[in-house]
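I am opening my notebook on this structure. I want to look up charged pairs, ring pairs and confidence.

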Amino acid sequence: MSSTAPTSPQPSPAPERGGAPAALSDVTASDSTLRRFLHGLPGVDAVGLEARAASLGTRSIKTTAKAYAIDLAISMVDLTTLEGADTPSKVRALGAKAVRPDPSDRTAPATAAVCVYPDMVATAKEAVAGSTVKVASVATAFPAGRTSLAVKLADVREAVAAGADEIDMVIDRGAFLAGNYRKVFDEITAVKEACGASARLKVIFETGELSTYDNIRRASWLGMLAGADFIKTSTGKVAVNATPANTLLMLEAVRDFRAQTGVQVGVKPAGGIRTTKDAIKFLVLVNETVGEDWLDNHWFRFGASSLLNDLLMQRQKLATGRYSGPDYVTVD
């Protein structure tokens, strides 16, 4: 990774789309062609995938490069609160923290977004007004996704109407695991349409429930074919969330998808990424797998809540040579 400060302009967004790019439009022409394509993807070498992820995780990042990586990671955080006990005051505090993560140091970058439930979008939007911070909202009956398409679309439209810049939807894992790929594809395309021109769509697979790496690869391609702007590992609500291996697999998928279609899609690992050391390992995965084109918060995010605190602590340690007391960062 370059040690230059992350101040370059964001890449242009991928063209708006609500289905397969022209280069692969025949793949989604019918249920049978979609199934044939997904099951024709190369099988995943699980041993090789995990070995490569583990090897890249041993890379050492020092001094100037580490300072750059910490600031880059901060700028990629979707600061998240998705609890039944969320209140307007909690969301306002989270928004203030996203805009100015370290009130004592104005050089600390803002986070990429705050992520909340649809009923908290308007509150979050007010809290980050005038800043670069986006408001993301989970939708489609997050986290289980067990409701009708009509209810899912209403969920999305409510969030977009309230000002959401991004929608994080969950796929119907039951339909996917039953092999009903067309239903999953059609739901994603319908949600993409409900997002309109104003909101980007992140598609959550809940990789911990997909059982195999082959399924994660198929889900990645299915999401991208249906128009996802981002593919996302997890909700953070199950036992197994983002791992280096499943994130590496999804990075390989977006790389290959762009090579075939010319369309760039982002990746968001979420759940279980809590330390600066963890975040830097994921940035190395990005750099070594898809390169600098994805080293920007327009194309890579961390779904996290506690990660930001550790990034701020480590940032101050690099600047001052010592760790701060426990009251240096706010407790989310």
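Are Asp78 and Lys268 buried or exposed? I looked up both, and both are buried. Buried means under 20% relative accessible area, exposed over 50%, and partly exposed in between (1.4 Å probe, protein chains only).

**Ground rules.** I note that this is a predicted model, where local features need pLDDT of at least 70 and side-chain atom pairs count only at pLDDT 80 or more, while totals for chains, interfaces and linings use all residues. Residues are numbered from 1 along each chain as its sequence is written, and side-chain values use heavy atoms, with hydrogens and water left out.

**Confidence.** I checked pLDDT, the predictor's confidence in each residue, from 0 to 100. The protein chain averages 92, and 92% of the residues score at least 70. Over residues 2-16, pLDDT stays under 50. Where pLDDT is low, the predicted coordinates should not be read in detail.

**Salt bridges.** I looked for side-chain nitrogens of Lys or Arg within 4 Å of a carboxyl oxygen of Asp or Glu, which is what a salt bridge is. The structure holds 24 of them. One joins Asp78 and Lys268, at 2.8 Å from N to O. Asp78 lies in strand S1 (residues 77-80) and Lys268 in strand S7 (residues 266-268), so this pair ties together parts 190 residues apart in sequence. Helices (H or I, at least four residues) and strands (E, at least two) are DSSP runs, numbered from the N terminus.

Next I took Arg182 and Asp186, whose closest N and O atoms are 3.2 Å apart in a salt bridge. They are 4 residues apart in helix H8 (residues 181-195), so about one helical turn separates them. Arg182 is partly exposed at 22% relative accessibility. Asp186 is partly exposed too, at 35%. I also found one network, joined by salt bridges that share partners: Asp78, Glu166, Asp168, Lys202, Lys232, Lys268 and Arg301.

**Rings.** I counted rings of Phe, Tyr and Trp (its six-membered ring) as paired if their centres lie within 6.5 Å; planes under 30 degrees apart are stacked, over 60 edge-to-face, and the rest tilted. There are 6 aromatic pairs. Phe37 and Trp221 have ring centres 5.6 Å apart and planes at 65 degrees, so they are edge-to-face. Phe37 is in helix H1 (residues 31-39) and Trp221 in helix H9 (residues 213-225), 184 residues apart. Phe37 is buried at 18% relative accessibility, and Trp221 is buried at 4%. With Phe257, these two form one aromatic cluster.

How values were computed: Contact = heavy atoms within 4.5 Å.
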